[in-house]
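Look at the model below. Let us walk through how one part of it is packed.

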Amino acid sequence: MALLSGDSYFQNMANPPNTSILKGNKTYRNQILSLYLGLIFILYLIWNFLWPRLFLSFQLLPVRRSFTIAEITCIVFLISFLFPAAYLIRLGSKISRSGQYPFPGMRLMFDTKVIVGLKAMRYGRSFQFLGWLSVCMAVLGSVWVHFVFEHIRHSPWTGNLPLFI
């Protein structure tokens, strides 16, 4: 009998009465999953049909032009991290402002336990920190890629080749 009362004690502690759970929206979840599947399908089409043609035309370009295209591609890839960074900063500020996670009015895909107080503030600050870290890494990475490509262009070994003149 004592074991049974201990089990009920731990079950009650796992879901204390002061917490609330917000229900997820199944329609929203299906929309997001459909969006991801559509994105994966588009990437599949690009990879199998468009990429081989681009790669072939890229190989036929002069080295100087293909080198510039490679630099621009690297920088665009790094700059694309600014969009999720902006989302993280915005999400973190909404959580910090409201003092709870998920903040009021947030659409949820799954049932989520409401977190309030200092723990929610810590979540918000963590999201903001990760967002600003992503911004710094994207900007610094883009500058670094540019300087690496410039160094290769003007190095004593490759700078005098007729490819980079």
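Ser 66 is buried, with a relative accessible area of 13%. Buried means under 20% relative accessible area, exposed over 50%, and partly exposed in between (1.4 Å probe, protein chains only). Ser 66 lies in helix α3. Leaving aside neighbours within four places in sequence, Ser 66 is in contact with Phe 58 and Leu 61; contact means heavy atoms within 4.5 Å.

This is a predicted model: local features need pLDDT of at least 70, side-chain atom pairs count only at pLDDT 80 or more, and totals for chains, interfaces and linings use all residues. Residues are numbered from 1 along each chain as its sequence is written, and side-chain values use heavy atoms, leaving out hydrogens and water.

Thr 68 is also found in helix α3. Thr 68 is partly exposed, at 31% relative accessible area. Thr 68 and His 146 are 78 residues apart in sequence and 9.9 Å apart in space, C-alpha to C-alpha.

Now take the two helices. Helices (H or I, at least four residues) are DSSP runs, numbered from the N terminus. The axes of α3 (residues 63-79) and α5 (residues 118-154) come within 8 Å and cross at roughly 165 degrees. Axes are lines fitted to C-alpha atoms over the stretch in contact, and angles run from 0 to 180 degrees between N-to-C directions. α3 and α5 are therefore roughly antiparallel to each other, a term for angles over 145 degrees.

Which residues meet? Among them are Phe 67, Thr 68 and Cys 74 in α3, and Gly 141, His 146 and Phe 149 in α5.

Methods: Angles under 35 degrees count as roughly parallel, over 145 as roughly antiparallel, 65 to 115 as roughly perpendicular and the rest as oblique.
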